[in-house]
Amino acid sequence: MVSPPSVPSVRKPDPSRTGLGGRDFRLLMAATLGTFANYAPMLSVVPLWASGGGAAHSGVGATTGVTMATTVAVQLCMGWLLRRFTLRQIFMAGAVLLGLPTFGYALSSSLGWVLGVSAVRGLGFGMVAVAGSALVADLVPPAQRGRAVGLYGIGVGVPQVLLLPLGVWCAEHVGYTPVFVVAGVLSVLAVPLVWLMSGQRADERESGAPAATTPGQAPRLRPLATPWTLLITAACALGGATSFLPLALAEPAAAPAALFTLTGATMVGRWLAGVRSDRAGTGSLLVASVATCALGMGGFALAAETAAGTTVLAVAAGLVYGLGFGALQNDTLVVMFRRAGPRGHGVASTAWNMAYDAGAGLGSLGVGVLAQASGMRGAFAASALLIACVLPLAWRESRHP
């Protein structure tokens with residue numbers, strides 16, 4: 001008589017550790033707030049620091065461009081890293097690479113030094129961004145995953161809403177060194193928070209998830225090309241705006257107010273677009289969101305290099321662009337997930353993140369180069385025109401999402 005094969009026992013996850021209300025998820029949220037509290041203010045503070053050190057517009061733009069370039073580079077290597085290290089190890093290493101070099105900015109504002117520090121921080125940010133979102137899926141069962149992703153999005157977005165403009169204000173009124181020190185400490189403090197996590201995975205027995213995709217089953221990238229193009233084009237404008245608004249707007253209060261409005265409106269735009277897509281179908285806001293992004297950048301062009309009375313116009317432009325870009329983020333991601341299919345969600349997510357990060361970096365560099373030739377107003381106007389040029393692609397995509 002042949003005995004039936006033994007079934008290995010599976011330790012049931014501790015509900016106090018895993019799940020939406022578990023301790024591990026709360027630790028992840030705190031660590032995410034810390035790392036993004038480092039990343040967000042540096043998007044505008046570092047360009048100002050480089051400008052104060054004598055860098056030209058192209059050099060100022062390169063500070064964000066280099067950060068995003070190394071972010072994308074490490075994302076290309078994530079497959080190799082994930083085969084060798086756990087997500088917690090990758091997150092902790094990323095938090096160190098993001099946080100410790102931030103202290104180094106205070107040592108010099110020379111362009112070469114700033115670019116070197118920014119390059120290392122970009123590696124850390126790429127590791128944190130990928131590992132953090134993946135940990136959400138590990139820590140929360142499928143039945144709670146939608147809410148968990150929403151909460152994680154708040155953890156990513158709140159530092160950008162509050163600290164992107166606040167960082168500029170603090171640098172100008174308190175000093176750059178205190179801003180660098182606080183930002184560095186907040187990222188490094190994420191390391192013990194992640195270390196305290198249990199390492200348990202949530203119970204996924206109910207998920208019914210398919211097996212991992214084999215190379216032969218990998219989704220084709222061509223169906224993702226159009227939404228990818230729409231996102232990277234609008235993200236280029238975002239990179240230029242976050243890097244150069246503090247230099248382009250004459251009134252001291254204009255840039256912080258516009259950046260605060262832009263980041264807040266982006267979160268609102270993403271939420272509203274999500275509600276809309278569930279009711280009207282995917283891709284229904286692509287044309288409107290692209291057009292709104294172009295209109296917002298046009299508003300920034302009008303406000304740039306104007307002596308006075310620009311705060312209201314800049315805030316209005318930030319509101320319009322933020323709503324459009326938030327909606328575009330949601331719709332392009334939903335369309336890419338649908339095109340890739342269940343086995344290609346990882347590919348779609350990686351492509352979407354690379355479009356966002358590469359666009360922000362290229363936009364900062366490109367706007368800096370254009371500003372040297374045509375001024376800030378001309379550079380922002382060119383960004384608006386570039387977005388308008390992809391409207392036909394958005395229209396075609398909206399018909400066949």
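A residue is buried when its relative accessible area is under 20%, exposed when over 50%, and partly exposed in between (1.4 Å probe, protein chains only). The model is predicted, so local features need pLDDT of at least 70 and side-chain atom pairs count only at pLDDT 80 or more, while totals for chains, interfaces and linings use all residues. Residues are numbered from 1 along each chain as its sequence is written, and side-chain values use heavy atoms, with hydrogens and water left out.

**Exercise 1.** Classify the aromatic pair of Phe36 and Tyr39.

*Solution.* Rings of Phe, Tyr and Trp (its six-membered ring) pair if their centres lie within 6.5 Å; planes under 30 degrees apart are stacked, over 60 edge-to-face, and the rest tilted. The structure holds 10 such pairs. For Phe36 and Tyr39 the centres are 6.1 Å apart and the planes make 80°, which is edge-to-face. Both residues lie in helix α1 (residues 23-52), 3 residues apart, about one turn of the helix; helices are DSSP runs of H or I with at least four residues, numbered from the N terminus. Phe36 is buried at a relative accessible area of 5%, and Tyr39 is buried at 7%.

**Exercise 2.** Classify the aromatic pair of Tyr321 and Phe325, and state whether these residues are buried or exposed.

*Solution.* The centre-to-centre distance is 5.6 Å and the angle between the planes of Tyr321 and Phe325 is 15°, hence a stacked pair. In helix α12 (residues 311-340) the two are 4 residues apart, or about one helical turn. Tyr321 and Phe325 are both buried.

**Exercise 3.** Describe the lining of the second largest pocket.

*Solution.* On a 1 Å grid over the protein atoms alone, a pocket is an open set of points where a 1.4 Å probe fits, with protein on both sides within 12 Å along at least five of seven lines; lining residues have an atom within 4 Å of a point. The volume, the space filled by probe spheres set on the points, is about 190 Å³ for the second largest pocket. Helices α1, α6 (145-173) and α7 (176-188) each supply at least two lining residues, and α7 gives the largest share, 5 residues. The lining, which includes Ala37, Cys170 and Leu186, divides into 11 nonpolar, 1 polar and no charged residues; Gly counts as polar.

**Exercise 4.** How many disulfides does the model have?

*Solution.* With a disulfide taken as a pair of cysteine sulfur atoms within 2.5 Å, the count is 0.
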